[in-house]
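Please examine the model displayed here.

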Amino acid sequence: MTTRPLIPSVPTRTDGPFSAAYAQLESREQAVAPAWLTALRRAGNAHFCELGFPTTDHEEWRFTNVAPIAALPTHSPEKREVDRSELERFTFGQMPTYRVVFIDGSFSTTLSSSELLDEGVEIHSLKTAAQSNLGWVQKHLGQYARADENAFVALNTSMMEEGAAIRIKANQHVKTPIHLLFVSTSNQAGATTHPRVLIVAERGSEARILESYESLTDGSTLTNAVTEIVMEEASHLEHCRLQQESTSAYHVGTVHAHQSRSSNLITHSISMGGRIARVNINPVLDAEGCECVMNGLYVVDGDQLVDHHTAIHHAKPRCNSHEFYHGILDGNSQGVFNGKIFVRPDAQKTDAKQTNRNLLLSDGATIQTKPQLEIFADDVKCTHGATVGQLQEEAVFYLRARGIGKEAARRMLVHAFASDIINRISIEPVRVELDQIMFDLFERERSA
Amino acid sequence: MSTSTETIEQFVNREYQYGFVTDVESDEAPRGLSEDTVRLISHKKGEPKFLLEWRLKAYRYWLTMKEPVWPNVHYPKIDYQNIIYYSAPKQKTDGPKSLDEVDPKLIETYKKLGIPLREQERLAGVAVDAVFDSVSVATTFKGKLGEMGIVFCSFSDAVKEHPELIKKYLGSVVPYTDNYFAALNSAVYSDGSFCYIPKGVKCPMELSTYFRINAVDTGQFERTLIVAEEGSSVSYLEGCTAPRRDTNQLHAAVVEIVAMDRAEVKYSTVQNWYPGDEMGRGGIYNFVTKRGLCKGVCSKISWTQVETGSAITWKYPSVILKGDQSVGEFYSVALTTNYQQADTGTKMVHIGKNTKSTIISKGISAGRGQNSYRGQVKVMRSATGSRNFSQCDSLLLGDKCGAHTFPYLEVKNTSSTVEHEASTSKIGEDQIFYCRQRGLSTQDAINMIVNGYCKEVFRQLPMEFAVEAQKLLGVSLEGSVG
């Protein structure tokens, strides 16, 4: 059916470079890593060996063939020095934030902000946090992301070494956004990083965290990131994830959030880069009165494939979740969206809403969308909707009637479609910057 | 719209009313499945060689397949060697020539079911083909339809009388390689209905098939084939019941529809197989493959189903929209109570230009029922200007049941529009309060609200069926609230 060359789906493979990489890490870390971390990694590896890379027979991976990822000659990228000026061209690169920079997976002291701008927050590189046995890191790390279900989470857990550990202290409002910047510099195929982020928002705290993934060159690198978010009672968190790697890179990202009573989580996932990009976002609303808003935007072109799988678990009564995902697909790109809402038997008075809208800009583009509801409680209000289509003729006509050319009108509307999601971000500079990217992408004259 | 004056008590005391067993001697094949069974069935039916070959091919293919596990239903593994694949009511002569020759006990059964064949022949004007266990026992109105060139008969008769049509169309929409249960059906199907509407003919009456499983431990595998030639139209009804038994029985049917240029086929089902008792014991496993092919331009196939029975339903009536401007429709009400499980929905494959499809699915879960909607809308690159609208709503009654929605949307061109909407809710306290204020009991209020909720689908059903469907819902919902 598709004209794309078919790469055979690979069966379970647990030997080869991915296993070798784990063996290497284990022997290297033997002396320095605390026992609990070694145990976590070992469990992760056991799960990965058991699960293997998923094939397209796997319902969760039906439309995303990860065979090219499994076939990568994975290795740790070589160390490379990056100049501060090189970072400035990245999105959010010049924004006043508390910035933590990782070059090819390693924490960079020189490029990261040197001083804490705020008292209410504690930020460590995961490596130091683990080695100094910080209690809260030990308590939460690896407890939420499901290594037993997802092979990529298992792989990340087995290989976790570097990343960030962030703690927003109780009742503190952190005004300045925290920006985690992950840069891949390698142009070698298979250069792999497994960044791991742990965010703990303590009782009554509030913060904004940006996570962005960028490439400096055009290599087919692999980024396999996992973020765990722990939200204690009445905490507020806005999490914005931007994936803008090169179009030959492979990206797999998982965000797992665990919410306690009356906490409020807003996530944004913007995915534009990657040859194959897969993002999983799984919030668990595990106490009454939680609220969760999930926004997403994927914009792809050429031969890109972008896949978003979100799963909201309503485990307790009286929680609300709202999800809005927009997709814009051009060229021969493929988009996959799978949004699940689970309402557990006791989660009465749940209000869950999900919307996925897609714009296809070329006949070569394909979208697979599957909004899914699984409801086990009766007193709930759940809706979902998905649309695929083109721009409204009336809207185009309205603009044309005002003297705007057809092409310009179309671009304007595509831009507006993207802005629908961007405008949901509350951090103004982020919104402005992302909107500029969308403007450049859609409205600026596409001359050579 | 209910015409009955039955009181609530009657409703409450009513159990599955079709659960009786008719004591008819039957001619059964030995238990188990092998090439010999396939040959035996084919031999008993006196089939031509091509059909036997086809069955054997299907059987051999089936052996290589695995039972699907993706549906959202759970049941103990089926032992395919412990099923009787052929069971026919024994008859003294070779076959009934007219209704008068049909075993009076069978006629009695159908009367109990509410399809008095004779009366219907005269009064209702519905032509019925009744399938008892595995073979077709009577076809009414054959003569009258024959005058117009319409062929409506049992599948075995069609094989004898119109082998060329069977050869041409059998398996053309659902090939035996399609899925596990279609392959099984292709190998062992015993009878079913065949319907051929010639060019330009509008069938003047509703055609109807009634399926009944009677014998114990039998599987029913019937096959329906409908061919509507250019410019013709037909409305087809199907009803099903089975006796109450503690064991599960398998029903794996295949329905194929072919619609040529400007032909219209409307297929309505009221499925009321025995659903098992309130503890989830027994009941029919209803694993059915139904598919229509809109082969010609401007053709239309419309599925309407009311699913209230069966322990497990696994059924996706689909339409392949191959002809330009063809239309596919799917209207469904699926009800699960007690321990019933349903995984049902549709598949609309848009291939031709400017094709249109509409999906309206209403799921109702009560008791411990699990109800899943699973549907796919696929718009191929060639299907420019296509349009789909899907709406699937779920209603939950009680806190032990579940409703699930798995819609797959796949779009490969820019000029098509696909919309999917779904909602899940329960009956509001305020709605019930409003009805009670006006003197309705809670149960009546619920019946009324549920019937209102299903109205969009019931409207698609022919009148008699709509009334039956409403009653069925009322009965099945009994006691599920409170």
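**Salt bridges, interface and a covered helix**

In this predicted model, E288(A) counts as partly exposed, at 27% relative accessibility. The partner of E288(A) in a salt bridge is R318(A), and their closest N and O atoms are 3.3 Å apart. Because R318(A) lies in the loop between strand 15 (305-314) and strand 16 (320-329) of chain A, and E288(A) in the loop between strand 13 (276-285) and strand 14 (291-300), the pair ties together parts that are 30 residues apart in sequence. R318(A) is likewise partly exposed, with a relative accessible area of 45%.

A second salt bridge joins R203(A) and E233(A), with 3.4 Å between the closest N and O atoms. R203(A) belongs to the loop between strand 7 (196-201) and strand 8 (206-215) of chain A, and E233(A) to the loop between strand 9 (222-231) and strand 10 (236-244), so this pair also ties together parts 30 residues apart in sequence. R203(A) is partly exposed at 46% relative accessibility, as is E233(A) at 34%.

Helices of chain A are linked as well. E26(A) forms a salt bridge with R42(A), the closest N and O atoms being 2.9 Å apart. Since E26(A) sits in helix 1 (residues 17-29) and R42(A) in helix 2 (residues 35-51), the pair ties together parts that are 16 residues apart in sequence. Over all chains, the whole structure contains 37 salt bridges.

Across the interface of chain B and chain A, by contrast, the rule finds zero salt bridges. The count of residue pairs in polar contact between these chains is 18. Strand 21 (370-379), strand 23 (402-411) and strand 24 (417-425) of chain B each give two or more residues to the side that touches chain A; strand 23 gives the most, with ten residues. By class, this side of chain B has eleven nonpolar, 16 polar and eight charged residues. In total, 35 residues of chain B are in contact with 38 residues of chain A, and the two chains bury about 2,900 Å² between them, 47% of it on carbon and sulfur atoms.

Chain B itself has 13 helices and 24 strands, and 64% of its 482 residues count as buried. Helix 9 (residues 180-188) of chain B is mostly covered, nine of its nine residues being buried; among them are Y180(B), F181(B) and N185(B).

How values were computed: Residues are numbered from 1 along each chain as its sequence is written. Chains are lettered from A and ligands numbered from 1 in the order in which they are written. This is a predicted model: local features need pLDDT of at least 70, side-chain atom pairs count only at pLDDT 80 or more; totals for chains, interfaces and linings use all residues. Side-chain values use heavy atoms; hydrogens and water are left out. Buried means under 20% relative accessible area, exposed over 50%, partly exposed in between (1.4 Å probe, protein chains only). Helices (H or I, at least four residues) and strands (E, at least two) are DSSP runs, numbered from the N terminus. Contact means heavy atoms within 4.5 Å. Buried area is the accessible area (1.4 Å probe) that two parts lose on being put together, summed over both. A salt bridge is a side-chain nitrogen of Lys or Arg within 4 Å of a carboxyl oxygen of Asp or Glu. A polar contact is a pair of N or O atoms within 3.5 Å; within protein, one must be able to donate a hydrogen and the other to accept it, and residues adjacent in sequence count only if both atoms are side-chain atoms. Ala, Val, Leu, Ile, Met, Phe, Trp, Tyr, Cys and Pro count as nonpolar, Asp, Glu, Lys and Arg as charged, and the others, Gly among them, as polar.
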